Each structure stands twice: as structure tokens, then as C-alpha cells.
Amino acid sequence: MADTTVPKALEALTISKTKELKGTEKRDTLIAIEKKYQKKWEEEHVFEVDAPSIDEFPLESISPEELREKFPKFFGTIAYPYMNGRLHAGHAFSFSKIEFFTGFARMQGKRCLFPLGYHCTGLPIKASADKLAKEVEMFGADFSGYKPEEEEEPAPAEPAPKGQKEDLTKFSAKKGKAAAKTVKAKYQFQILQSVGIPLEEIHRFADPQYWLKYFPPACKQDLTNFGARIDWRRQFVTTDANPYYDAFVRWQMVRLKELEKIKFGKRYTIYSIKDGQPCMDHDRSEGEGVLPQEYTALKLKVIEWAPKAAEAIKGKLPEGASVYLCPATLRPETMYGQVCCFVGPSLTYGVYKARENEYFVITERAARNMAFQSIFEKDGIPEKAADLQGSDLIGTLVNAPLSFHREVRVLPMETVLATKGTGVVTSVPSDSPDDYATVTELAKKPDYYGIKKEWAELEIIPIIQTPTSDLIAPYLVKKLKINSPKDTKQLAEAKELAYKEGYYQGVMKVGDFAGEKVEVAKPKVREQLIKNGDAFPYSEPESKVVSRSGDECTVALLDQWYIDYGEDSWRQQALEYVENKDGKGLECYSPDTQHAFKGVLAWLKQWACARTYGLGSKLPWDPQFLVESLSDSTIYMAYYTLVPWLHKDLFGREKGKGNIAPEQMIDEVWDYVFCRTEWSDDLVEKSGIPKETLQGMRRDFQYFYPLDLRVSGKDLIPNHLTFFLYNHIALFPREYWPKSIRANGHLQLNGEKMSKSTGNFMTLDDVVRKYGADAARVALADAGDGITDSNFVEDVADNTILRFYTNKEWIEEIIKDDKLRTGPLNDFQDALFDNEMNALVNEAKKYYEETSYKLALKAAHYDFLNARDTYREACNAAGIPLHKDLVFKYIRLQALILTPIAPHWADYVWREILGEKESIQFARWPEVPAADPALTAAREYVRTTSSNINSAEAAQLKKMAKGRQSDFDPKKPKKLTIFMTESFPAWQAKYIELLKKVWDPATNTQKIEDKELNGRIAKMGEMKKAMPFVQALKKRLRDGEPAETVLERKLAFDEKKTLLAMVPGLKRTAGLVAVQILAVTEGSKVGIDLTNNNVEVEVKAPVAESALPGQPSFHFENVQA
């Protein structure tokens, strides 16, 4: 029997920082409802949607546009998940955006298609399977040969780099509750065991195909438990494991090549030496989005070695060999100003053979890069002749190409990095603040640095004229008060300023290109250096890249197949579509998203589309290569429309309703069904597919395409989402290009980054088991909607359980209440509640349409509950039962407007409480009247006045505490006097007249700028009280109150009537013995008592003077009970 004990290295993997639940009875009740309705939806095929058939509407009898108009549709997708692990809460966040959109679109009467496939292409699965195969050899199929060991590190795991994906190829966990140590799963079998896979099953994952069998069903189950509205008939796996999808990808590649979008040639690419192939974004465990950075590597020939360096290389190089220090620069145009060459004194350099009798002094890292860029004589083999310490190189004399100082010395620079460039840096202090600060420091302390003073004092010659100076670096160092190379913050600022001004506004003062702009001269200088043999091109990763196999990647210059993204005409098409100037392009929902796309389109260039290792489809014309994972996943949304015709299972082993074999899906068939070509009679003969079937497939594509919404994390904008746009533009007619992309931020958990290593991590299964589907969905809706990072708060999910359970209980009780009122609605409690429900339904609709789900949730759930509770309290205070019609309207509307977000709870209420026969998933969005502005204003007045009364009592208590008032004791019986007035103070009239002149009622906008308006107010005096008054009026106007009401100084409701109706409620909620309402006028000492037959009474309280129409004032006093 297999040993199933948990290895010692995994003991801490159960430690979690997530919330601990106390009681689960209410949750379990709601989950039972969810399971019941998930089963019903599956049995009723609720989410299976098809296009109108050609039997109903023959293909040529109606255009696709007319068909979509007659039968509105919505088609939305997310980036299909990668199948090397379970879905986590971050996946669920992206899913939720399509979920909510789909739920709302169904309620608009649209046929809604939300399908899902499973991405299996690329390196991660294969690399993990291969690692596991080796572990099976080492430890046996039951891993009984493993000897537990613990690897500890002295500090917590560092945060994952930006853009890094969570997956099963990397896992670490915190050990213990207090110990600041990290326990890491060293082996692949430990990683799989840590996510709940039984030890006896793990050896099967040594076969990469087993991952494809195991994780897709788990993914489907997780999303079914989540209540996802997915048409599961359309699921599939990628790679040649599914021959239909394989044929689809091969067609795509062939057509791109025919369009000259795929090309072959040498290009720089991120490369894994260990894997022996390019390492694209999805192949990386670190460094996603990192590109090759191309430098100009100079050849500074050694003229005279420093003594220690001469001794170190003695006898190791051929007689007469030329040796070059090779600094890599991004600014070849500044080489005229070289005064020295820097090395890191603590770094170790190698002397590498470039070719016969020619050697380069560079770091080992640079040599690894150069070895794959046709720089060395032998590709792939950096041949090292000797090692040199940086400190031994100090004082070496080298030739400096182009410089006015033909010979310069090698000097020390402490900030030189072995991880950037070649470890050798050329110094141009005229234009580099870092260089100027360093040579200045060296000249000040030559003995300390072990150099001769004159080595650091060569003349600094102006080479570039900028608007500021022709010696921009010295100027900025002095201006920013930089005193030494240790002033890193100021130096970083100075570097950015110097580069921007020099490149964009600089003009060359010297050299063959004097008088030319720097941006024009730069490539010319580079070309001249290379042509003269004084430099060569060199490239390396912009920052660290690590492959899934654990290899730190280099840059290689390879002959390879690549997609020519960035080609001018193609890029321009994409840019115009993203800019959407005519309103017929791409909807991005956010200016930040659109800006991100435009930025990527500006820099994105050629992309390697093939590799030799991993899983995938073979390149049709060069089958030694596989199509890489970001190239076979750009237009698969079109494939979803055809899946029911092609196959019934994930792997395409069972034919679909079209009875089509994979080999029948020839390229011409894909062209026809995707509307790239028109009907040809020989298509039936070539493919063997009946005409009716081909037309049916074309109908499904025509109807569901274009894709209405694509949702994905913002980290996919630099690759997948931009490729998605490029490929659609290349392969499909304009009418089938994607209509919108919604990019969301990353998801935090309880305000912190999700991380397995810290225990702050939850899978989707964890979330749904812990809180149930609807509570999880509410917390995801509440998490946020923008491109910035959002936050899943477990307390929100936990509190939602209580809200849903309590609301369900209340609804079940109230419908049995035989004392509910019937007959006409009254004009206060009933009218206000009815109107507020109408307002919230329309408000929720607006936010659903805008995909602002946090605000939609607020209106549809939180505010709707508050409206009900306020109505209950108001009726209770007035001593009247709730009105039956409004109770049932509330129940019905609450279920309907929550359906997109919480469908299980909604369907339970809909069917089991309201007795509806068909699922609420088929219900339409409720049509309610527009809110009555007068009732809305009255409701807001009631809410504000109630709040202000509480504040007024608190203010009186505060005065009493300070000894300024002693005649009010809140513990004794108390009376509230409310002062209201129907006339505005006379001083306000002139500001009303000013606002009438500058406000345009037709457009509901201000005719002049705020600055000008404020200036006019200031000239009129009384600025302190006039400004808040004017701002309040403008807010009322912008909130939709009619201009004739606001500017004629009228209230939209009857304030006297509203206050009198509030009296019973105020007595109860504020614990008052009496409430008196006095109508007062400016300057009068007498008020009319509205609560006592309109008798005149003397007004003594000073606060009476502060009353305004719609803004009463309040006074509390003690009375006899």
C-alpha cells in the first residue's frame, strides 16, 4: 500500500491567513439551495444556446445583421484558463465580469453564449510532467524512496514579480505561526500533493496527457459549483490532443503565412539554454512581458594592461592577440565624449575568445548572451581564456572609438552591476549625470580609489547642445545639489531629465553628423561604429527572466518563424480600431485600458510563434516546430461557435451533430464557415461535408460573431489581448472584429496580495465551499471594477450569508402575514417606498449597463434592503401594517435585480416563494416607472432631516459638556421643535440671478468655467456663505432637479406635509415626548405651530434663524412627561 503520510516539507502547507468561520448552519442552508438549482439548470439545459437555424431562416434569406436585430444576442468570453492547476479566486474575479454581464444580457432578452475551453499548449505542463517522471525514477511510483528533508530560508518569500501567474510548477508556504521561515516544496510530487491530489495518483502526472484529463473536469466542477452560466457543450482542450482544434490552429497559421504576417529570419528572442528553445511569456515563471534590449557594444582595445591584470593573463592568450573591453551602451551618439571606462572593482570578469586572436573582457552573463548571437566564433559555446578581478583592471589604458580622447583609462565604479549589460561601462560625463558624479568623486579622492588624479581629470568636451546647456550632466548635478554617486534618488531624476532633453531636443555639436538632431543622428553613429569594426550589436533581456524549467534565460539571435506584429499597415489598422474615433471601433470601458493598448501597439514587434518543446499543434509547413501558446490562442473564440457541430467531448473523439471527421475540416471549410470566402459547389466534393451542414456552421458563426465582450486581467494587454486584436483584424472581415475588451486589475485577498507562500490564498473551490456561490459572487462584485487592483473581502462574503438567510426568512414569514394592508397606497410611507424601489431598479439597470458591478450591487442589494427596512420602520412608527402589494413588489423586484449576481437565491425566491414555473434565468428585467422627482426629493429630505436631527441633539450635548448650556438633559423627557421656512434669505437673491445667467437648462451645464464664476461671486461679497449656497444649487441641478424648480427657489415637494407625516416616526426613533413644527419667517419673532391648529407662538430659540427651505433647524428641550 502506498505511503500517504505528509512529507515533513509539507507540514506547514495547511497554515492559512484566511478568515475562520464560527457557525455554518445558515451557510449550509443556502448551499443546499444552490446545489438544488444548479441541478435544475443542468437538467433544464438553461445555459445551452443556439443560433436560429437555417430551417427557420434559410442562410441567404436574411442578412446576419437583420438576424441579430430580430433575435438579439450576446457572446462573451474570458481567456481560457491554463490546465496546470485548480482555478483560484483571481480566476473567479475575471469570470465574474462575464457572469454578471451574461446574466444581465439574458434579462434583456438576448440569446447569451458564454463558452469555455481549456488551454494546454506550451511548456509548463510538459516541463512539470518531465520533472515528475525523473522523480518517479528517483523515488518510485509511490515515492516511498523519498527521504523527508526540510529546506529553510531565513526570510519570508519575496513577492512574486509583476505579472507572474500562480500555477503548480512553483509553490512555497509559510512554516509556523511566528517563525519567519519559508518551507518550499522542492519536488513536483510535493507540489501536486499540496493541492490535494492523492499520493497514489500523482505518478500518473508523469504523462503530460494526464494533466489534460485531470484538470479540465475539475475546472468544470468548480465553475458549476460557482453557478456559472456556461454552455458546457462547447468545451475543448487545445493541442493536437483534439484533432479538430488542431486543424483549426493549422488553418490559422497557414492563412497568416499566406498573408505574409508570418515570416522567417534571424531575430532576437528570449531564449532558454536549458530548454534549447525560445522562452515566451507563458513559458516563464519570472519575467513575463520582458523583451530583448538591444545595445551597441563598443570595442575598446587594450593598449597597456594594468600590472595585476597583465600578470593574471600572462601565458593564457596567444602572442599578439587583441583584447577589447566591451561596454554596452544605449547612447552611441555620445561616444565622442568618452573620458574613461568603468568596471566594478568587486566583479569577476572573463576574457572570452570571440574569434582567432580576438578576445573580449566581459561578465559571464554577457558571454552567455553573446554565445547565442553569432558574436563568438562558435555559437553556443563561450570559450573563456582567463579570469580577471575588476580591481586588477584599474589603470588599464584602452582605445576609445570616436572620442576626442583617443586613449582613456579604466577606472572603478562601485555601482556597476554584473546583471546589466556587459559589466563594463564607458564614461561620458558631459551627458551622463552618473558618470559626471563618479569622475568628480574619483578626482577628489584619487589615493583612496588607488588611481592617479589625472586619469579622472580629462577635459569634458561639449558634444550635444540642448535648450538648457551643452553640458547637461554637470548642469543637472549642480542644480539638483548632487554631492556624490551615493545620491541615487537625485541621480535617477537627473538621468531621466538628461536623456529626455538630449534625445528629443538635442542637436549634435561634433562628429560627422554635427547639426543633426540627436534622434536622427543616433542610428547613423551606431551604423558607422559597427561598419568601422569599432562596435557590434548586442542584446540581453530587459530584466531577469526564468523559465518554468528553472533556467535563467538569455537572448539568442535565431532563425525562426515569427508573426510580424508591428508591421506598419497592420499596426495602423489596429491603432485606428483601438482609438475608436468613429464610435464603431473597440470599446475599452476605461481610458486606462485604451491607453495601455495604444502603448503596446507603439512598441510591440515581431513575436516568435514556434518552439520545439512542449505541447501544441505542429507548424503545418515545418512540423519540427510546435505553435507556441500565445499564438494558438488568439481567435479560438470563433471555434466556440462551431464546437457542437464538430465534437461532443473535450478531445474530439466523439463526432458532433455535423457528423464531421477531423480530416474533413480542410482549410477551405474554415474559410467558408468564417465568412472569408463565399459558397463554391466544389467545397462539398473536396470536404465530403453536406451543404446544409456547412451552411449551418456558417450561420452559427455569422450569428454569434463578432465577439461582444472579452474579459481578462490587465497583465494580458501586452501580449494575448493585443495578439487577439491583430489576428482578428488579419483573418476576419471588418464586421467580425471584437466589439469590446474589459481589462480588470489583479485581485487582492483581504487587502493583501494573494500568495501561497504567506497563506493568503484561496482557490475558487475554497471560496465556494467556505461561503457558497452567491455570497462569493457578491464579494466578487463588491471587490471592484476598474483596471486597478481590486479586493475580495471575506467579511463581505460572510455578512452576505447572514443577509441572504435573514432576507429569505423574512420573505417566507411576511407572505403568510394575513394582517398586511390592502387597498390604495397612502401618500407618505407607501408612496416613498414604491418610488424608491422604482428608482433603485432603474439605477441598478444603469450600472449593469455600464459594467459597474460594485455600484449595481449597492443599488440592487444593499440600498434595496435599506429601502425595505426604512419602510418597515416608518409603518411601524405610524402604527400601520405594511401594504401587501408593496411587499410582493419588493420580493419580486429584489429577486429580479439580484439575478445577474446572485442567481441561486433569486431563483429560489422566484420559484418556491412566488410560485413561478420557469427559472428566473429566463425572466426579463422588470419595467418600472421612472422615479418621481418630487417623491425622490421628499425621500432624500426625510433621510437627511432624520440624520440632521440626530446630529443636532449631539451638538446640544456637546455644548452642555463644555458648560455652554445646562438646561437640557437627554435622559429626561424631551421635546423637539423643528423650525421650517418657505422663504429664502434676501441676500441669496443676487446669487440666484447670477446662476440663472450662467446656467444652460437645455444642456444642464454651466456656460462659463468655475474659475470665472468664483471670481464673480467674490466681487459680490459674502464669499464665505455664498460659495456653499451656490455649490448646493449646482448639485441639485446636476442631480436632475428641473432648473425651473431650483432657480425659481421652489422645493419639488411639500415640506410642511412631509414634516407632519414624519412626526410619529420621529417620536418613536428619537424617544421624544413631543414634536412641534414651527413655520417661521426671516426677521420675525413669531412662528406658526403646524402641529397645533396653526396657532401663533413666540420663537425664542436662536437656531430658528438658520432655517432655510428644505433645510430646517432643530431645538431640543426637556418637558414634563
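Which residue is the bridge partner of Thr977 in β36? The partner is Gln1076. The structure is a predicted model, in which local features need pLDDT of at least 70 and side-chain atom pairs count only at pLDDT 80 or more, while totals for chains, interfaces and linings use all residues. Residues are numbered from 1 along each chain as its sequence is written, and side-chain values use heavy atoms, with hydrogens and water left out.

**The chain as a whole**
- The protein chain contains 37 helices and 39 strands (DSSP runs numbered from the N terminus: helices are H or I with at least four residues, strands are E with at least two).
- The C-alpha trace spans about 120 × 80 × 65 Å along its principal axes.
- Of the 1121 residues, 56% count as buried (under 20% relative accessible area, with exposed over 50% and partly exposed in between; 1.4 Å probe, protein chains only).

**Strand β36 and its partners**
- Strand β33 (residues 974–980) pairs with β36 in the parallel sense over 6 bridges (pairing requires at least two DSSP bridges between two strands).
- Strand β37 (residues 1086–1089) runs antiparallel to β36, joined by 2 bridges; Leu1078 has Asp1089 of β37 as its bridge partner.
- β36 and β37 form a hairpin with 6 residues between them, and Gly1083 in the turn has a positive phi of about 85°.

**Residue Glu66**
- Glu66 lies in helix α2 (residues 64–70).
- Glu66 counts as partly exposed because its relative accessibility is 45%.
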